[in-house]
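Please look over the sequence and the model before reading on. A short report on the fold follows.

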Amino acid sequence: MYDIVREYDLPEINRILNIPSVHKYFNFHPPLPMEATRKWYDEVINNRKSGIGDCVVAREGNKVIGWNYVFENNEPERNIVQFLKNYQGRKGYLAAIVVNPESAGKGTGQSLLHKGDLILKKAGLKGIWLGTNSDNLHAKHLYERDGYKLIGKLERYKVRSDGKVVDQMIYFKQF
Ligand SMILES: CC(C)(COP(=O)(O)OP(=O)(O)OC[C@H]1O[C@@H](n2cnc3c(N)ncnc32)[C@H](O)[C@@H]1OP(=O)(O)O)[C@@H](O)C(=O)NCCC(=O)NCCS
């Protein structure tokens, strides 16, 4: 079942983000405190109220198994703008997609991508972009299979939480 994120989902979201195989692809240093997850939720609620994005969750029973957070973002950092300049129209940004490792590989990620697209299309946006670590093979496979095109690469962009320096791949999908 898919729904927008609710306050009661936050403890499980925080727990999943603190699983090593998940947080190694994000640029925070664990443990991620509950307070940071609450702050993130406030941002989601503001975007929901402004009609520019939302976070969709996948649930089994009342348990969160994954989520996808998207919102309108036409003005990324300057080093990313260069890759997007050839694509006209208002754009969404995929800020985070996560599936609990216990539930991965069953199509939840793919469904979450589509639910996120629907939110952005309803808001009138024409495409979506994202950045992912060059070594995140599952994520790159998921995006490429879904029609995302690789439009740029930022070399030695990020230090992962495990200390590894990685390139950032920028992808874009036209709706
Ligand atoms: C990337 C991620 C969201 C994919 O979610 P998912 O529910 O596994 O996605 P799907 O099941 O729709 O598709 C995953 C693809 O990778 C393959 N895959 C193989 N082993 C896998 C594994 N252990 N975990 C995930 N995917 C796997 C799947 O088979 C599938 O490809 P296929 O259908 O062509 O065979 C999930 O792995 C995740 O949360 N990773 C950690 C967080 C992260 O990296 N997020 C992205 C940051 S940019």
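The model is predicted.

**The sheet.** Seven strands form an open sheet with mixed pairing. Their order is β1-β2-β3-β4-β5-β7-β6. β1 (2–4) and β6 (149–159) are the edge strands, and each pairs on one side only. From one strand to the next, the twist averages 25°. Strands of a sheet pair through backbone hydrogen bonds, either parallel or antiparallel.

β6 pairs with β7 (165–174) in the antiparallel sense, over seven bridges. Gly152 has Ile170 in β7 as its bridge partner. Lys149 stands opposite Phe172 in β7. The two strands, β6 and β7, form a hairpin with five residues between them. Gly163 lies in the turn and has a positive phi of about 95°.

**Helix α1.** Helix α1 spans residues 10–17. Its residues Ile13, Ile16 and Leu17 are buried. Seen down the axis of α1, the buried residues fall within an arc of 100°, so they line one face of the helix. They pack against two helices, α2 (20–23) and α3 (34–50). They also pack against two strands, β3 (63–72) and β4 (91–99).

**Backbone details.** Most residues other than glycine have a negative phi, and most peptide bonds are trans.

| Site | Feature | Angle |
|---|---|---|
| Pro30 and Pro31 | cis peptide bond | omega about 0° |
| Arg156 | positive phi, residue other than glycine | phi near 45° |
| Gly163 | positive phi, in the hairpin turn | phi about 95° |

Pro31 is found in the loop between α2 and α3. Is Arg156 buried or exposed? Arg156 has 10 other C-beta atoms within 10 Å. A residue counts as exposed at 12 or fewer, so Arg156 is exposed.

Definitions and conventions
Residues numbered from 1 in each chain as written. Predicted model: local features only at pLDDT ≥ 70, side-chain atom pairs only at ≥ 80, totals over all residues. Buried ≥ 20, exposed ≤ 12 C-beta atoms within 10 Å, placed from the backbone. Helix = DSSP H or I, 4+ residues; strand = E, 2+ residues; numbered from the N terminus. Arc of directions from axis to C-beta. Contact = placed C-beta atoms within 7 Å. Pairing = 2+ DSSP bridges. Axes fitted to C-alpha atoms, helices over the stretch in contact; angles between N-to-C directions.
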